[in-house]
Structures are given as structure tokens and as C-alpha cells.
Amino acid sequence: MICCGHNFSFGRSCLDENVAFLTTADSAVKLLPEATKPITGWKGLEYRTAFPMLKPPGANFYPPDMDKMEFQLWKDSLTEDKKQEATGFFNVFKRHSEFILDASLSENATVSSSHGHDLFMVPYSSEYKTFLAKAADLLHKAGDLTSSPSLKRLLHRKADAFLSNDYYDSDLAWMELDSKLDVTIGPYETYEDAIFGYKATFEAFIGVRDDKATAQVKLFGDHLQVLEQNLPLDNVYKSDHVIAAPIRVIQLVYNAGDVKGPQTVAFNLPNDERIVKDRGTAMVMLKNVSEAKFKLILQPIADVCIMKEQREFVDFDSFFTHTICHECCHGIGPHTITLPNGQTSTVRLELQELHSSLEEAKADIVGLWALKFLIGKVSHLINIVVCCYN
Ligand SMILES: [Zn+2]
């Protein structure tokens, strides 16, 4: 999950305009100048107007003319294993009728065993092989250079995952990262898949860890189990093994890929429920981006909307604390669920394209609930929380 700071989807994306902060749109404008209209400077969502053609709701993950019903019928024809793969994060779908299978691709493509279905899936490791092979090579080289054991492990495992299409170990290495240089790279968020919310898009965030701020926020991660136990919902839906989410605060120096118009201030990963269930999640907060958003967006709005006597309570620490709470609350509440027919599923799979919005709304409201709860229960958090709850 990424969080753009409570729907402030406008404003500047970077502290030094146009230099290090490349977005997907930046890259596309640079790569395809003839297909786009010129937009100078950083204009946030205005970048969308640079593209004359509307993007299909399924991005390029599915054939543009495929609908949910066709996918469902095809999926029903698959074995249980293949069904899981079809709703997983790391493959795209094509049509037999529109695709001439060359020899190399047909080896890797998973073709439906049922006749009469036109769809088949191709893993990212085949579909994006040229790009991923180069990226894996560079990641291995970077891994050889670093002296940090956890960063070394992360870079080598990500490189392996790019080629094998199995990201599980690389995500564990990401969660265990304990390095001054903080790296997040790979296919993660599913916002671009507006049909199902199944398919992940590649992104990269590179930052330098802020050790002081990281120590401060550890307090919140340590209370996740208490928060889960006290959630205002039926006990049957609560987990008794919420793992304290490690929170890393970084100063962002570079990002690329699926980082989009609304510049994220924090993200909570991985989204793969197998890892969430086994190991929990980890959070990265982008402090310099939060500060810039606070100063350039929130403060000017507050100066207009908040009455004068209360304006002194609008401060960066409160804003940042609420973001921490919002992020923590992505990690609690039901993720894996049992359907009325006894089958195990996940909230994301069942809510499909509604999941992203509802998950963000959940994190916002549960974040406020958590602040109020902590004021009453955890004395050493009172000062931080009271300041935030003002
Ligand atoms: Zn969020």
C-alpha cells in the first residue's frame, strides 16, 4: 500500500524540481516524445493530459477488450494451482488469437488446458525478460559492491526474483533490510490494474535512513498486537499473531517507475498476503517528502481553513504521527478470511477493484481510533499522541 498523504494529490513531487524524481509519466514523456504533448515542469496529475489516448482499465496486464466475465469463465476452467497463479501479482494475459507464439515464449507461457478459451498467462520474467535481465545484472553488481550484509542479500535476491518470477525470498530480505542505504525495488502496487487489482507494477525508492526518526517511530510498531486485540470488531476476525511492523524512516533521494502523480509519503509492503500472514509487513516513511507536503500544501490550506486560535496546533510532528498511525493500521485487521462456503480467501481478492479505496479508508479511520486508544492505554506515548490528536 502506498499512501499519498490523505489525498493531497496535487503539488510538487520533489525538493529539487525535475532533477532526481522521475515518475512513470516522466519516463514515458522522455521515451515517447512523438506520442505525447509537451508538459513542462512538474505538474502532478496534469501529466495525464499529456497522453492523448486513454489507458485501458486493465493497463497492459489484460487484453484491452477482455471483461471480467471472460476472465472468470477462463479461470473456472483452470486447476486450483493455476487459479491462484491467475489471480497472483506477477503475470500478464494474452489472447491465442492475437498472439503468434514464438518458440521461446511458448516454453514459458502457461496455456489453458481447456479448449475454447482464448486467454493464456505469461509470467513477468518472460514478458519483460529483456528489461529484467539487465536490471538483475545491475542488481547483482550493486550487491557485490555493498558492505552491508542485509543490503547485499536484498540486492542479490531481488535480482534472482526478477529472473525466476518468485519474489517471496526477496520480499523477506526487503523486510529484514537494516542498512543506511534503503532500497525498495520490484513489482508491488496493484493500483494500475483497475479491473481486478491483482497485477503489480514495478517501482523503485532509494533513500538514506534517518536513524533518529526511525528510533522514535519504533514505539508504534511495537504496539500493533495490542491494537489488533482491541479493534472494535468481533474477536473471531482478530489475529493473535500480528508481527510488530518494522518502520524505517528515510530521506528519499530517488524514485522511479510506479510512483505516479500523487507523490507517496509512506508505503507499507509487501502486499502478498502469504508474507503478511507469515511475517507481517514493514513500512517505509519518506520524511523529506512529508515535510515538503506539509509546508507547501497542508500549512497553506490550514492557514485558510483553520480558525486563528487553533492554528498553532497544526504542526509537522502531528501530521507525521498521523501518517505513522495510518500506516500501522494497514497491517492490522482481517487480511486472510474464510468465506461462507468454508473456502479461504483474502479481503483483496474478494473486494477486487474496490479494495484499494476501502483499504485506505480503513487505515485512515482505524488510525484515528488507534490514536485515541493509545492516549488511554500507553502512558509513554501520551505526549506524542496528545499532540497529534489536537
Ligand atoms: Zn495508506
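At what angle do helix α9 and helix α13 pack, and how far apart are their axes? In this predicted model, α9 (residues 211-221) and α13 (residues 316-330) pack at about 45 degrees, and their axes lie 10 Å apart. That angle makes α9 oblique to α13, because angles under 35 degrees count as roughly parallel and 65 to 115 as roughly perpendicular. The crossing of the two helices is right-handed. On the α9 side, the contact is made by Val217, Phe220 and Gly221. On the α13 side, Ile324, Cys325 and Cys328 take part. By class, the residues of this α9 and α13 contact are five nonpolar and one polar, with no charged residue.

Helix α13 also packs with α12 (residues 287-305). Here the angle is about 120 degrees, with the axes 10 Å apart. The helices α12 and α13 are therefore oblique to each other. Their crossing is right-handed. From α12 come Ser290, Glu291, Phe294 and Leu298. They meet Phe316, Phe319, Phe320 and Thr323 of α13. The contact of α12 with α13 has five nonpolar residues, two polar and one charged.

Next comes helix α15. It covers residues 355-377, 23 residues in total. From first C-alpha to last, α15 reaches 31 Å, close to the 33 Å expected at 1.5 Å a residue. Which residues of α15 are buried? They are His355, Glu359, Ala363, Val366, Gly367, Ala370, Leu371 and Leu374.

Key
Residues numbered from 1 in each chain as written. Predicted model: local features only at pLDDT ≥ 70, side-chain atom pairs only at ≥ 80, totals over all residues. Axes fitted to C-alpha atoms, helices over the stretch in contact; angles between N-to-C directions. Helix = DSSP H or I, 4+ residues; strand = E, 2+ residues; numbered from the N terminus. Parallel < 35°, antiparallel > 145°, perpendicular 65-115°, else oblique. Left-handed = near helix turned anticlockwise from the far one by under 90°. Contact = placed C-beta atoms within 7 Å. Nonpolar A, V, L, I, M, F, W, Y, C, P; charged D, E, K, R; others polar. Expected span 1.5 Å × (residues − 1). Buried ≥ 20, exposed ≤ 12 C-beta atoms within 10 Å, placed from the backbone.
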